[in-house]
Amino acid sequence: MSHRLLLSAAWVVAALCILPIAAVAVSALGGSLETWARLAETVLWRYTWTTVQLVVMVGAGTAFIGTGAAWLVTVCQFPGRRLFEVLLALPLAFPAYVLAYAYTDLLDHPGAVQTTLRAVMGWGPRDYWFPEIRSVGGAAIMLICVLYPYVYLLARAAFLRQSPTAYFAARTLGHSPWSAFLRVSIPMARPAIAGGVVLALMETIADFGTVSHFGVHTFATGIYQAWFAMGDRAAAAQLAFCLMIVALFLVFIERIERGARRHHEAGRRIEAIAPHALKGWRAAGAVAFCSLPVLVGFAVPVAVLFEMAVSSEQNPFSARYVGFITNSLTVSFVAALVTMGGAVIIGYLVRLKPGRGPSFIKTVAGMGYAIPGGVIAVGVLVPMAGFDNALDAFMEARFGISTGLLVTGSMAVLVFAYMVRFMAVALSSFDTGMSQIKPNMDAVSRTLGASTGRMLGRVHLPLMKASLLTGFLIVFVDVMKELPATMILRPFNFDTLAVQAYRLASDERLDQAGVPSLIIVAFGLLPVIIMMRAIARERPRHHSEVPAALADPYAAPEPEAQRAV
């Protein structure tokens, strides 16, 4: 494989990844002003306000839970700390819409909680007030429960990398642990925390299944309704364009925070802060704080889904469900394979020819992860439908043959959309593996006469197979959980587990939705198990002895301790 061929292939992959985004922009900006005016008069401001509410609540909730849990398991010593360090990542296995189905079955009016409450208290249906789960607040809670691990994982890594010097200095100057945490540790970890919050917000604005099930009107649901319910392609494209602008703005913020994180971490010794032993009510409070998100975000929903699946009396091994599972596995496997292949092409080009051109290709190819699945689906349909219509018109005029829709509605288009959506994940896994291979390995291979393609196949890929497998699994599971793009682009009579769960929940057959939802969660555990193993292996380094006054986080520093530090 020559450099020129590799460069051409990388440009093709990048062009395919940017095509849906460009199509949405062109279609929206080329639409009539009447459509914009109609949207502004009817739904635009409602969608904007609801989306803003979700963003604010999810941002605050994920920041509070993720940062607090990360600080406790990193810096404090309390019963079960090592276990919570791993368990706090478990809710990542859940798509938010599956969590919504579980809690709707549990907390809605006919659910177990309210039914028990009425039976015990002897109340009638109108004799009491109970919080409405199908609301903006309910959707925000579901999203917080599954998205806080983004903040937790990044904040935990930032706290582990922090030097204890500044924290100890604050303690010796009379600050309590809480004050030192707020004034020193949080500002130092701010870029990582902000990066995790931004990732959570990207998922929030992209969510379709949760808000649709709860009847919350956002841009994500508006795109689907405009395209299918009203048949207004122009309105769908313009709503998708608005959502895309918000997503790209969040990407801009995340890049700024990532740059700040690199700047703040440069040149610092990596040491661990001595764990503070918590006792009494403080230890109980730490256990409760770490237990609550694990219980609400994983343990309770799994139990509810299992009960739903059993009570539905559905056979997950029936021919019908085998078909759903086969469809999901097939499209997920093909999409993960194609996506990782594109990532290898682009990532290898950047390895061989670092510079502005390859870096630009990599940036363009990775933009899709920030774009919601519904936006990408619209961006894929617009050019593909145009191609099919043009081909059909040409064949009809020239040969009298109607070709119909050859590309639109095929699995190839669905795989294409998945590749655009998750290319950034594959590139990140490739970069992780490639960063562990020293450049002198390339030089040695060159001196032995290895070509570009031979060096990739015989040297690089075998050395980074673990990272490639991890990236493959993450993309595989992300595709299996993806709902809006699948709903819009799937071929006729091609239903996946996600589509089946959504359809059953939409028909208020929540018990039956438990079976496909539980299977999705089971597959979602694969990348989470990989993360959990990495967390379990990761231990802070030993450090020099810490003064006794600092070992107790609630004791005031003494002069001797100050002199020792």
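Reply: The structure shown is a predicted model, and the mean pLDDT of the protein is 79, with 84% of its residues reaching 70 or more. Among the elements, helix 13 (residues 280–312) has the highest mean pLDDT, at 90, whereas helix 25 (residues 559–564) has the lowest, at 34. Over residues 266–270 the pLDDT is below 50, and this stretch has 9 contacts in the model beyond near neighbours in sequence. The value also stays under 50 over residues 540–565, for which the model has 44 contacts beyond four places in sequence. Where pLDDT is low, the predicted coordinates should not be read in detail.

With that caution in place, we can turn to the salt bridges, of which a search of the whole structure finds 8. One of them joins the side chains of Arg-134 and Asp-108, with a distance of 3.2 Å from N to O. Arg-134 lies in the loop between helix 6 (112–121) and helix 7 (136–161), while Asp-108 lies in the loop between helix 5 (96–107) and helix 6, so the pair ties together parts that are 26 residues apart in sequence. The two partners can also be described by their accessibility: Arg-134 has a relative accessible area of 22% and is therefore partly exposed, whereas Asp-108 counts as buried because its relative accessibility is 16%, and the cut-off for buried is under 20%.

A second salt bridge is formed by the side chains of Arg-421 and Glu-482, at 3.8 Å from N to O. This pair links distant parts of the chain, since Arg-421 is in helix 17 (residues 411–434) and Glu-482 is in the loop between helix 20 (465–481) and helix 21 (484–489), 61 residues apart. Here both Arg-421 and Glu-482 are buried.

Another pair is Asp-507 and Arg-509, whose side chains meet in a salt bridge at 3.1 Å from N to O. Asp-507 counts as partly exposed, with 43% relative accessibility, and Arg-509 is likewise partly exposed, with a relative accessible area of 35%.

Finally, salt bridges can also be joined into a group, as they are for Arg-82, Glu-85 and Arg-156, which are linked in a network of salt bridges.

Methods:
Residues numbered from 1 in each chain as written. Predicted model: local features only at pLDDT ≥ 70, side-chain atom pairs only at ≥ 80, totals over all residues. Heavy atoms only, no water. pLDDT = per-residue confidence, 0-100. Helix = DSSP H or I, 4+ residues; strand = E, 2+ residues; numbered from the N terminus. Contact = heavy atoms within 4.5 Å. Salt bridge = Lys/Arg side-chain N within 4 Å of Asp/Glu carboxyl O. Buried < 20%, exposed > 50% of the residue type's maximum accessible area, 1.4 Å probe, protein only.
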